[in-house]
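This report walks through one protein chain.

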Amino acid sequence: MRLLRLAKILSIASRYGLDEMILEHEPSGRLAALSRTLHFWRRFDTPSAVRLRLALESLGPIFVKFGQVLSTRRDLLRPDIADELAKLQDRVPPFSSELALAEIEKAYGRPASEVFAEFDATPVASASIAQVHFARLRPEDGGHEVAVKVLRPAMHEVIANDLALLETLAAVLEKAWPDGKRLKPREVVAEFAKYLYDELDLMREAANCSQLRRNFSGSRLLQVPEVHWDQCTTTVMVMERMRGIPISQTEALVAAGIDLAALSRAGVEIFFTQVFRDGFFHADMHPGNIFIATDAAHHGSYIALDFGIVGTLTDTDKNYLAQNFLAFFQRDYKRVATAHIEAGWAPPETRADEFEAAIRAVCEPIFDRPLHEISFGRVLLRLFQTSRRFNVEIQPQLVMLQKTLLNIEGLGRQLDPDLDLWKTAKPFLERWMSEQLGRRAFHRGVQQEAPYWARTLPQLPRLVYQALAARREPDLAPLLSELARAQRQQGRLLALIAVLLTALLLGQHL
């Protein structure tokens, strides 16, 4: 099976001329010429980036998803390739209702009719990893309307085979392609495998959903479905059914009385709240995963769906981002450069003045444009591209953040073309920095450390006594022996000097 799959991959690669994309970088040009001779019938009128996207679509859902992940690595790819791969859509025909019911019975050990009071066998959404059905829980389980996400059958085997082939192709690329080492194809495949296997565990996705819901508990900005844990397994996830209008249907939103400008600003606030308050953000916020509520209780609030991919940030990451964003607002490029070096992401020998000059050359043309025309995500992307020249190691979590920021910015501009992302974000960042560095930060730090101090302080006398009692007297014998040896040597030297002086004096008298 793997050999047949490899043959299909090579056939599609040849059909779309992917070999030319690789061989054109071979310094001598002989291999590229040989390939053109052997494939004399091929004529390509479309750009190579487009052909790469079409090839991935022909190879199937796993390769489509790989292309989507690859599009986020804009620090490694040519801009035209990254832009084209970002167009990949995870549209996959649904699998049969019989298979879905069989997977549910396999997960619960009993048929769906015994788990749900009602189950709609027609899927409402389908992607490469899973599909979604609407259902209703039994009265004894609350009778709630729910959405049931069912993992595609035999996904582990399919993914294992395709990943093995991707790893082989990546290893070949790394050795045969001059840019292979810089592009790190094996690392990219390993990163993709991690995300893919995470998505295969629907219990992990349920936990992500539950965490995000808890973070926005009581918020009027964002709704997150409730997870019904008693019905969740690694292959079936059951959550609250959410109703709303897809965010891409702007005409329907206007007809429902939604203020699009306010909606775009709320989206920015939601994003920065996730990033800087929680350090936990929904990293797959494309239009298909966002709805807008129209009911009276939550009118105009966002509804988040699909929690297979989330990003996390440490306090160090958040501080780095806030400092960089604020420095950009103030055109303080020196601070941007030193922030990279202080974070350890730029080599310590990096000259801050040269790094600052490179960043200034990239950013000054941007600031000559009106603020509402500036792309926040593009600024971060340019920063990554410039950083690569200085051997800055781009952190995976920041790459995911940059991809999410581009999604948010695109959605915001779609809702309100005049959205000024900088103006919307700056007060939030300034308030966050104040909370991190000001009096409130000190007070919060004391509160967080107080339980530890309360446990430790009563133990201090005992710990000090034990430390003192455990100290041993230093063994002075070796030191005294060395000192005696040095004294003897010094004595012999002084005696020799005395003899020489005596001899010299006697010689003068004689």
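Among contacts in the chain between residues at least 6 apart in sequence, what percentage join residues at least 24 apart? The share is 69%. This and every other value here comes from a predicted model.

**The chain as a whole**

The chain has 510 residues, and 44% of them count as buried. Its secondary structure comprises 23 helices and 11 strands. The accessible surface comes to about 27,700 Å². Carbon and sulfur atoms account for 56% of that surface.

Confidence comes next. The mean pLDDT of the chain is 78. A score of at least 70 is reached by 70% of the residues. Which elements mark the two ends of the range in mean pLDDT? Strand 6 (residues 236-240) has the highest value, 97. Helix 23 (residues 477-509) has the lowest, 59. Where pLDDT is low, the predicted coordinates should not be read in detail.

**Helix packing around helix 5**

Two packed helices are described by the angle between their axes and the distance between the axes. Helix 5 (residues 61-71) packs with helix 11 (residues 185-200). The angle is about 115°, and the axes are 10 Å apart. The crossing of this pair is right-handed. From helix 5, the contact takes in I62, K65, F66, V69 and L70. Helix 11 supplies V188, V189, F192, Y195, L196 and E199. By class, the residues of this contact are nine nonpolar and two charged, with no polar ones.

Helix 5 also meets helix 4 (residues 48-59). Here the axes come within 5 Å and cross at roughly 140°. L56, E57 and L59 in helix 4 meet F63, V64 and G67 in helix 5. Four of the contact residues are nonpolar, one is polar and one is charged.

**Buried positions in helices**

T273 sits in helix 14 (residues 260-278). Is T273 buried or exposed? T273 is buried, because its relative accessible area of 8% falls under the 20% cut-off. Leaving aside residues up to four places away in sequence, T273 touches F216, D278 and F428.

E409 belongs to helix 19 (residues 396-415). Its relative accessibility is 3%, so E409 counts as buried. E409 and L419 are 10 residues apart in sequence, and their C-alpha atoms are 8.8 Å apart in space.

**Exposed and partly exposed positions**

D315 is in helix 15 (residues 315-329). Why does D315 count as exposed? Its relative accessibility is 57%, and the cut-off for exposed is over 50%, so D315 qualifies.

A154 lies in the loop between strand 4 (145-151) and helix 9 (155-176). A relative accessible area of 48% makes A154 partly exposed. A154 and E103 are 51 residues apart in sequence and 10.0 Å apart in space, C-alpha to C-alpha. The backbone of A154 has a phi near 55°, a positive value in a residue other than glycine.

D306 lies in the loop between strand 10 (302-304) and strand 11 (310-312). What is the phi of D306? The value is about 65°, positive although D306 is not a glycine. D306 counts as partly exposed at 23% relative accessibility.

The accessibility of these positions is set out below.

| Residue | Relative accessibility | Class |
|---|---|---|
| E409 | 3% | buried |
| T273 | 8% | buried |
| D306 | 23% | partly exposed |
| A154 | 48% | partly exposed |
| D315 | 57% | exposed |

Definitions and conventions. Residues are numbered from 1 along each chain as its sequence is written. This is a predicted model: local features need pLDDT of at least 70, side-chain atom pairs count only at pLDDT 80 or more; totals for chains, interfaces and linings use all residues. Side-chain values use heavy atoms; hydrogens and water are left out. Helices (H or I, at least four residues) and strands (E, at least two) are DSSP runs, numbered from the N terminus. Buried means under 20% relative accessible area, exposed over 50%, partly exposed in between (1.4 Å probe, protein chains only). Contact means heavy atoms within 4.5 Å. Accessible areas come from the Shrake-Rupley method with a 1.4 Å probe; for residues, only the protein chains shown count as cover. pLDDT is the predictor's confidence in each residue, from 0 to 100. Axes are lines fitted to C-alpha atoms, for helices over the stretch in contact, and angles run from 0 to 180 degrees between N-to-C directions. A crossing is left-handed if the near helix is turned anticlockwise from the far one by less than a right angle, and right-handed if clockwise. Ala, Val, Leu, Ile, Met, Phe, Trp, Tyr, Cys and Pro count as nonpolar, Asp, Glu, Lys and Arg as charged, and the others, Gly among them, as polar.
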